[in-house]
Amino acid sequence: MISATTGTPKVCNKCKGIFNSKRSGIRRPITIIYTAISISLCHFYNFAYATAPFRVGVSFMATKTIEKIIAPPPPHMVGDGFRVHNFFPGNHIGNARMSPFFLLDYNAKIDFSPRENPRGVGVHPHRGFETVTIAYQGKVSHHDSYGNSGTIGEGDVQWMTAGSGVLHKEYHDAEYSRKGGPFQMVQLWVNLPAKDKMTTPGYQAITAAQMGKYPLPANGGVVEVIAGEYGGVKGPATTYSPIQMYNARLNKGANLTINLPATYNTGILVVEGSIKVNGTENAPTDNFILFANDGDEISIEAPEDCVLLILSGEPINEPIAAYGPFLMNTHEQLEQALQDVRSGKFGHLDE
Ligand code: MN
């Protein structure tokens with residue numbers, strides 16, 4: 001808690017005693033005008049000092065209020081391997097509202113039947129952003145035209161920087177596919193600042209073991225830090241703009257306080273269980289909570305065991321031109337991307 005400044009304001013007879021300030025020597029009014037100015041200054045200063053703790057409180061400790069709680073929109077299939085609820089961009093949340101996060105597709109928990117030939121999405125391009133896949137249940141594999149590949153399972157994250165452009169394919173891991181069973185994933189599209197849109201493609205395979213881990217007191221659970229920092233614990237992901245991304249795994253009865261800048265766009269996906277937010281509102285499983293940009297503190301209570309994906313980032317205030325798998329700043333850049341895919345500049349990848 002930040003305390004009020006401890007200066008000694010000048011005092012007048014009216015203010016004396018109220019603010020317990022000492023007279024700093026003898027100040028003898030020379031003229032009526034001087035006295036008048038002095039008194040008004042005194043009132044001004046004392047008002048400022050008196051309200052300082054309140055103002056400090058507002059600017060450093062205010063609650064980040066809930067803008068809305070969104071139930072999962074009707075699902076659609078991405079390829080034949082991902083049955084997703086698209087929370088944004090869309091009617092509920094416009095395409096810059098959660099910037100730098102541009103898209104959130106949530107494959108809520110479903111059971112896939114066993115299959116020899118893995119389900120998924122065939123070869124397709126991306127340019128101008130990053131795809132971040134977070135696995136909660138099931139296993140998913142990735143291959144791209146830059147030669148990167150990997151398989152992730154529960155608690156792992158694939159952070160692919162498409163940058164100047166890759167072709168990739170995403171599909172169920174062969175072993176998971178043969179057995180089938182519960183499947184639950186998130187895919188985020190994270191925008192890149194204009195200066196980094198054409199950066200060399202990259203790939204970060206981040207395992208559950210590599211996540212920053214902040215244990216909560218009283219066996220409350222753990223905050224796994226994917227990107228950014230919580231309570232001094234840093235996440236392993238490298239990002240191009242300031243991002244906080246956590247998986248909070250809370251035990252029944254746990255309390256969690258999160259401090260994030262008011263300017264950061266912030267949302268929470270309730271992956272498992274349900275939570276009470278800011279002491280008032282209940283958010284059930286599979287709902288997305290969008291926060292207003294009006295404060296910096298969120299408090300969460302877990303009436304049952306739960307898993308939360310917490311997203312927060314500094315907005316990228318640049319024009320957005322989006323078309324299919326491309327996320328650029330201008331229409332011309334989108335046309336260039338299409339041309340570059342046709343002319344083979346995104347490389348080659350077998351189906
Ligand atoms: Mn993709």
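Modeller: The assignments are discussed below, each against its definition.

Modeller: This is a predicted model, in which local features need pLDDT of at least 70 and side-chain atom pairs count only at pLDDT 80 or more, while totals for chains, interfaces and linings use all residues. Residues are numbered from 1 along each chain as its sequence is written.

Colleague: How many helices and strands are there in the chain, and what makes a run of residues a helix or a strand?

Modeller: The chain holds 3 helices and 26 strands.

Colleague: Why is His-126 called buried?

Modeller: A residue is buried if 20 or more other C-beta atoms lie within 10 Å of its own, exposed if 12 or fewer, and partly exposed in between, with C-beta atoms placed from the backbone. His-126 has 24 C-beta neighbours inside 10 Å, and therefore counts as buried. His-126 lies in strand β5 (residues 120-126). In the chain of 351 residues, 36% count as buried.

Colleague: With which residues is His-126 in contact, leaving aside neighbours within four places in sequence?

Modeller: The contacts of His-126 are Thr-131, Ala-162, Val-166, His-168 and Pro-325. A contact requires that the two C-beta atoms, placed from the backbone, lie within 7 Å. For the chain, 71% of the contacts with a separation of 6 or more are between residues 24 or more positions apart.

Colleague: What makes β18 and β21 edge strands?

Modeller: The order β18-β23-β20-β21 describes an open sheet of 4 strands with antiparallel pairing. β18 (255-259) and β21 (281-283) each have a single partner strand, so one side of each lacks a neighbour in the sheet. Ignoring direction, neighbouring strands here are turned by 30° against each other on average, where axes are lines fitted to C-alpha atoms (for helices over the stretch in contact) and angles run from 0 to 180 degrees between N-to-C directions.

Colleague: Which strands pair with β24?

Modeller: Strand β17 (residues 243-250) pairs with β24 over 8 bridges, antiparallel, and Ile-243 stands opposite Gly-313. Strand β19 (residues 265-272) and β24 are joined by 7 antiparallel bridges, with Val-270 and Leu-308 as bridge partners. In β24 (residues 306-313), 7 of its 8 residues are buried.

Colleague: What makes a set of residues a nonpolar core?

Modeller: Its members are buried Ala, Val, Leu, Ile, Met, Phe, Trp, Tyr and Cys residues joined through C-beta atoms within 7 Å. The largest such core has 74 residues, and Ile-226, Leu-269, Leu-308 and Leu-309 have the most contacts inside it. Strand β11 (residues 181-191) gives the most, with 6 residues. Not counting residues up to four places away in sequence, Leu-269 touches Tyr-106, Val-186, Phe-288, Leu-308 and Leu-309.

Methods. Helices (H or I, at least four residues) and strands (E, at least two) are DSSP runs, numbered from the N terminus. Two strands pair if DSSP finds at least two bridges between them.
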